[in-house]
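Here is a quick tour of one protein model.

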Amino acid sequence: MSMRSYQSDVALRMRSLKGANVQEIGNVKYKSNVYPVFSVRTEKGKKLPEVAVFATIHGDEPAGFHASMEFLESEHDYPFNLTFIPCLNPYGFENDKHENADDVNLNRVFNDNSVQEVNIIKKFLNGNKYLFAVSMHEDKPIVGNGVYPNGKNPNGFYMYELCPRKGDIIGNGIIRELKYQGIEICTKPDIEGWKNEGGILWAPRDRMGKTIEQHMIENHTNHVLNPETLTSWDMQKRVSTQKQVLNSSLEKFYKSQ
Ligand SMILES: [Zn+2]
């Protein structure tokens, strides 16, 4: 049974966006079901820097999708051209499932062009360069689920930051703003084997495996932010946190231009 409707929750909402260029960049097909994948572009000027925003490559991590849509549905005036793919895994979104319909974790096979979702996204991105990218995820902090042994589950927000030079990290300022708004930041010293430095997990160029984040840093940008909200929080808090990270990163990159 479907948990959500891609048609009404995603497709209709996309098609009613105003002032944005909404495109269908390909169709994901499972038996008789066809899911168009959407990109949304807001262009402020041909010569301005490009920014990419991705969400919901894991279908059971919907906060990034909602944050992207709320951002696009409201006023925003950053001097960047923004390209969103707000729902990378349509079947997973509709069925509240981490993987796609073939039980494939899309963020472990992003090197494999025979996976239809991966192929659609990579074709769309081909040759594009971005000042930075934001790839929104969520974490299910369940103790003893195989991912987190006792005591190892994250107890707050955290963010992977991919950039070759550690000195280029901008996430500490974003974390400060989240803290100021009362958002809990993960205080565990490590998360899944990664060193947690005040909520930031720094990833040099070669650490992210077969993920979209690694694909971006190898081919399209020098900087990727990968925020993780906790699915144990209520949805509004998850969505507003993701939106805050996006707004804050746009401001910080604007100021550093
Ligand atoms: Zn994820």
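Asp-103 is exposed, with 8 other C-beta atoms within 10 Å. (Buried takes 20 or more other C-beta atoms within 10 Å of a residue's own, exposed 12 or fewer, and partly exposed falls in between; C-beta atoms are placed from the backbone.) This is a predicted model, where local features need pLDDT of at least 70, side-chain atom pairs count only at pLDDT 80 or more, and totals for chains, interfaces and linings use all residues. Numbering runs from 1 along each chain as its sequence is written.

Asp-103 isn't a glycine, yet its phi is positive, about 65°. Most residues other than glycine have a negative phi. You'll find Asp-103 in the loop between α3 and α4; helices here are DSSP runs of H or I with at least four residues, strands are E runs of at least two, and both are numbered from the N terminus. That loop, between α3 (90-95) and α4 (116-125), also holds Asp-96, whose phi is positive too, near 50°. Asp-96 counts as partly exposed, because it has 13 C-beta neighbours inside 10 Å.

## The nonpolar core

The largest nonpolar core has 64 residues, and Val-53, Phe-54 and Ala-133 touch the most other members. Such a core is a set of buried Ala, Val, Leu, Ile, Met, Phe, Trp, Tyr and Cys residues joined through C-beta atoms within 7 Å. Helix α2 (residues 63-73) is its top contributor, giving 6 residues, the most to this core.

## The whole protein

Overall, the protein has 7 helices and 10 strands. Of its 257 residues, 43% count as buried.
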